[in-house]
Amino acid sequence: MIKKIKLAYKPREVFKPFHYRKERWAVAVAHRRCGKTVACINDIIRRALVENKEAGQYAYICPYLSQAKSVAWLYLLKYTEPCRNKYNASELWVELHNGSRIRLFGADNADSLRGLYLDGVVLDEYADMKPSIWGAVIRPLLADRRGWAVFIGTPKGHNQFWEIYNNASKDVDWYCKTLRASQTGLLADDELADAAKIMTQDQYLQEFECDFESAI
């Protein structure tokens, strides 16, 4: 039985539909500084607790292992503190009260994932990963346990992230969401105006307005 745990996380309104989704597959195109890493770390923690699978295994993958450690490790430690049994800082995993483990990985060493099974995975900044990692490495790891996957990041032209997003936007079996800075209200108007003055138009549209058509 899972202990009743109140996590130290109050989801931003724009992420509530993401947390409450029912779809197995999800893609979210999010503007810079909208809080996607915190949201995804807490989403994977909650699901690891609620799903309560025997020896559950979950992965949070960034393009580089060093990146995963710098952007997600402290969040993972912070938000699992009320529900954590133990952790390993050198291998970047935490074990929850129900025995489930969440581990950080880098897509730069995707072969380290081979041989594992996964109950859920987040691919953060998927646009910066090798296009083959999803089909050749990650998808097979989810098969026998019917695990779920989340793709999240900022656009970088018509690459593999655009393909995932474009296909998901036409598939009812996918959760698909775009979070633009002009719509979320998470960043101050004067800050966005200043950024628009300093950045090129393509840079601003890509980073803050989630525009896949911008050519940087």
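This is a predicted model: local features need pLDDT of at least 70, side-chain atom pairs count only at pLDDT 80 or more; totals for chains, interfaces and linings use all residues.
## Accessibility and the model

A residue counts as buried under 20% relative accessible area, as exposed over 50% and as partly exposed in between, with a 1.4 Å probe and protein chains only. Arginine 46 has 33% relative accessibility, so this residue is partly exposed. Arginine 46 is part of helix 2; helices here are DSSP runs of H or I with at least four residues, strands are E runs of at least two, and both are numbered from the N terminus.

Residues are numbered from 1 along each chain as its sequence is written, and side-chain values use heavy atoms, with hydrogens and water left out.

## Aromatic pairs

The structure holds 14 aromatic pairs. In one of them, tyrosine 9 and tyrosine 79 have ring centres 6.0 Å apart and planes at 80 degrees, so the pair is edge-to-face. The rule behind this takes the rings of Phe, Tyr and Trp (its six-membered ring) as paired if their centres lie within 6.5 Å, with planes under 30 degrees apart stacked, over 60 edge-to-face and the rest tilted. This pair links distant parts of the chain, 70 residues apart: tyrosine 9 is in the segment before helix 1 (16-19), tyrosine 79 in helix 3 (residues 65-80). Tyrosine 9 is buried because its relative accessibility is 18%, and tyrosine 79 is buried because its value is 7%.

Tyrosine 126 and phenylalanine 151 also pair edge-to-face, at 4.9 Å centre to centre and 75 degrees between the planes. Tyrosine 126 is in the loop between strand 6 (120-124) and helix 4 (133-141), while phenylalanine 151 is in strand 7 (residues 148-153), 25 residues apart. Both residues are buried. Ring pairs also bring Tyr126 and Phe151 into a cluster with Trp25, Trp134 and Trp174.

## Charges over rings

Two arginines are worth a look here. Arginine 101 has its charged end over the ring of tryptophan 93, 3.6 Å from the centre, and arginine 21 lies over the face of tryptophan 148, 5.8 Å from the ring centre. The test asks for NZ of Lys or CZ of Arg within 6 Å of the ring centre and within 35 degrees of the ring normal.

Strand 3 (residues 84-88) and strand 4 pair in the antiparallel sense over 4 bridges, where pairing needs at least two DSSP bridges between the strands. Asparagine 88 stands opposite tryptophan 93 in strand 4. In the hairpin of these strands, with 4 residues between them, leucine 92 takes a positive phi near 60 degrees.

Strand 4 also runs antiparallel to strand 5 (residues 101-106), joined by 3 bridges. Here arginine 101 in strand 5 is the bridge partner of glutamate 95. This hairpin has 4 residues between its strands, and glycine 99 in the turn has a positive phi of about 95 degrees. Which residues of strand 4 point one way, and which the other? Trp93 and Glu95 point one way, Val94 and Leu96 the other, and all are buried.
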